[in-house]
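These notebook entries record what I looked up in the structure shown below.

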Amino acid sequence: MRIPVDKTSPLPLYTQIARFIRHRIECGALPADTRLPAIRVLARELGVNRITVETAYAELEASGLVAARVGSGTYVLPPYSTPARSLPRGNAPCGASPARTPDAASDPWPQWQHHALHRHSFLSAPPAIPLSSHSPQADIIALNSGNSDPRLFPVDQLRASLRETLRREGWKAGEYEEVAGYPPLRRTISHLLADQGIPAAPQDIIITAGSQQALALACQLLTSPGDSVLVESPSYADGLDLFRSRGLRIIPVPMDEEGMRTDLLPALLKEHAPRLIYTIPNFHNPTGICMSGQRRRQLVHMAREHGIPLLEDDFVGELRYEGHAQPALKALAHPGDTLYAGTFSKMLMPGLRVGYLVAEGPVRDLLIRCKRLNDLSSSGIIQRALHRFVSVGRHRAHLARSCQIYRKRRNALLQAMAEHLPQVRIAPIQGGLFAWCTLPAPLTAGSLAPLALHHGVAVAPGTAFFLHPEQGAAHLRLNFALHDPETLQEAVRRLAAAIRQLEAQHGVMA
């Protein structure tokens with residue numbers, strides 16, 4: 001089977017293979033009961049990893065297009081054996097004409113589904129940043145995740161906390177929790193924040209499903225479709241998609257080594273009258289930049305002067321490896337001026353899905369009401385177990401241990417980059433999880449990412465973090481927190497091999 005695969009495309013190879021076969025099935029070129037090529041044979045013909053073909057076949061099988069028969073092979077199923085077959089009509093393979101609006105005779109889906117697809121077309125593309133910390137392919141070193149290393153979390157202690165919670169509280173732990181969250185956990189978070197110099201009364205803390213829900217609740221309450229929101233450029237990829245899904249006008253504010261360019265804010269505030277300013281002042285995602293103290297004060301002052309709420313996302317503010325801590329915007333602002341979002345996902349374990357939003361005044365009660373409308377309440381069992389596990393002393397100890405480990409990993413990445421990729425520029429890393437890299441011209445992240453994957457390392461292209469993706473073409477975000485120093489060394493060697501190959505394709509002299 002001759003399948004055109006483009007190894008320089010940002011589209012994963014397994015997706016290209018699956019889309020081609022899907023299209024051939026839907027147009028009738030591969031009729032029912034056609035046996036697809038054996039996985040090893042097709043992998044050899046296409047010059048790809050066997051797991052790549054396995055993943056493509058698995059995707060087709062999940063869509064109801066093919067089925068594997070033990071000891072026989074993979075076969076095309078009869079037409080419309082499952083409704084999922086027609087879902088990807090708008091996802092034609094590279095070079096194919098885009099699907100036209102189907103009529104009732106040729107497409108079983110109702111028109112409202114196509115209307116939804118048209119309105120939210122950006123959601124049809126796969127997310128650029130995976131949720132999983134590690135690649136499903138064992139031979140791939142994943143540097144593209146947004147997580148810290150969940151293996152550092154003391155799983156045995158969490159298990160003991162869960163067991164003790166169920167033993168002591170029984171059925172009460174399985175009831176709906178208070179919408180705002182388990183009160184003892186809210187008190188504990190208040191103490192943790194006070195330890196960082198951040199004022200937050202327990203009654204002003206709302207437990208959320210990670211900081212992502214905190215962002216969503218703030219957008220739901222404070223903005224309407226067509227409103228403007230100011231964000232740093234670049235910014236958190238899923239935050240940008242959240243704002244798009246709300247129909248907001250995203251106004252990017254350029255950054256430099258001190259963070260958001262506050263000197264540009266007066267003109268932007270006057271022109272766009274935003275309803276929200278979203279910022280990541282500590283170890284910004286994706287650049288790792290820490291906003292300077294002067295910029296923080298300027299931002300807080302201008303937001304208050306114009307009556308605009310600040311949404312402060314402090315997802316890894318405690319992971320500092322050098323330098324002095326800057327005060328949180330929440331600590332600098334007047335009560336009620338700032339919403340502060342935090343999370344346990346990065347410091348402890350992503351799968352806990354426990355974050356929090358700090359809000360004062362009437363808006364706090366409205367946010368709690370929005371929380372109820374979204375998911376009624378967060379898991380009471382998890383909140384109670386987390387409360388048993390977390391204390392100020394234990395949190396400090398875990399933080400100190402994590403910082404020590406991640407500092408060594410940062411240093412290992414920097415050393416490996418200096419040895420193998422001196423031509424790649426890296427922004428200073430004072431804390432956080434990420435290295436923000438700039439490729440030498442004329443190389444682009446879009447060309448490098450699939451080639452790097454072919455060499456066994458997954459990276460996050462900078463295009464995912466900009467409102468206008470082309471602005472991130474020269475950048476990569478690398479997560480150094482997930483792997484030990486030896487694995488990071490190997491990852492950089494693989495990345496260097498991919499860059500050498502790309503440079504050779506461009507005729508770049510070493």
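**Entry 1: helix H8.** I began with helix H8 (residues 237-245), whose buried residues are Ala237, Gly239, Leu240, Leu242 and Phe243. Buried here means under 20% relative accessible area, exposed means over 50%, and partly exposed lies in between (1.4 Å probe, protein chains only). Helices (H or I, at least four residues) and strands (E, at least two) are DSSP runs, numbered from the N terminus. I then looked up what covers the buried residues of H8, and the cover includes H7, E5, E6 and E8. Just after H8, I noted that Gly247 takes a positive phi of about 75°.

**Entry 2: basis of the model.** I record that this is a predicted model, in which local features need pLDDT of at least 70 and side-chain atom pairs count only at pLDDT 80 or more, while totals for chains, interfaces and linings use all residues. Residues are numbered from 1 along each chain as its sequence is written, and side-chain values use heavy atoms, with hydrogens and water left out.

**Entry 3: the sheet.** In what order do the eight strands of the open sheet stand? I read the order as E4-E11-E10-E9-E8-E5-E6-E7, with mixed pairing. Strand E4 (205-208) and strand E7 (259-260) stand at the edges with a single partner strand each, so one side of each has no neighbour in the sheet. Two strands count as paired if DSSP finds at least two bridges between them. Six bridges join E5 to strand E6 (residues 249-256) in the parallel sense, and Val229 has Ile250 in E6 as its bridge partner.

Helix H9 (residues 265-272) lies across E5, E6, E7 and strand E8 (276-279), and runs at about 175° to E6.

**Entry 4: strand E10.** Why is E10 largely enclosed by the rest of the structure? I found that six of the six residues of E10 are buried, so the strand is largely enclosed. Thr338, Tyr340 and Gly342 point one way, whereas Leu339, Ala341 and Thr343 point the other way. Strand E9 (residues 310-313) runs parallel to E10 and is joined to it by four bridges, with Leu311 partnered by Leu339. E10 and E11 pair in the antiparallel sense, also over four bridges, and Ala341 stands opposite Leu357 in E11.

**Entry 5: Asp227.** I located Asp227 in the loop between helix H7 (210-222) and strand E5 (228-233). Is Asp227 buried or exposed? Asp227 counts as buried because its relative accessibility is 15%. A polar atom of the Asp227 side chain lies 2.7 Å from the backbone nitrogen of Ser224. Neighbours within four places in sequence aside, Asp227 is in contact with Leu222, Leu248, Arg249 and Arg275.

**Entry 6: salt bridges.** I looked up the salt bridges, each a side-chain nitrogen of Lys or Arg within 4 Å of a carboxyl oxygen of Asp or Glu, and the structure holds 25. One of them joins Glu59 and Arg22 (3.9 Å, N to O). This pair links distant parts of the chain, with Glu59 in helix H3 (residues 50-62) and Arg22 in helix H1 (residues 13-26), 37 residues apart. Glu59 is partly exposed at 25% relative accessibility, whereas Arg22 is buried at 6%.

Arg493 forms a salt bridge with Glu490, the closest N and O atoms being 3.1 Å apart. Both lie in helix H16 (residues 485-506), three residues apart, about one turn of the helix. I also noted a network of salt bridges that links Glu169, Glu177, Arg384 and Arg388.

**Entry 7: cysteines.** I searched for disulfides, defined as a pair of cysteine sulfur atoms within 2.5 Å, and the structure holds zero. Cys290 is in no disulfide, and the nearest cysteine sulfur, that of Cys403, is 13 Å away. The sulfur of Cys437 is 19 Å from the closest cysteine sulfur, in Cys290, which is too far for a bond. Cys290 is buried at 14% relative accessibility, and Cys437 is buried with a relative accessible area of 1%.

Terms used:
Polar contact = N/O pair within 3.5 Å; in protein donor to acceptor, adjacent residues only side chain to side chain. Contact = heavy atoms within 4.5 Å. Axes fitted to C-alpha atoms, helices over the stretch in contact; angles between N-to-C directions.
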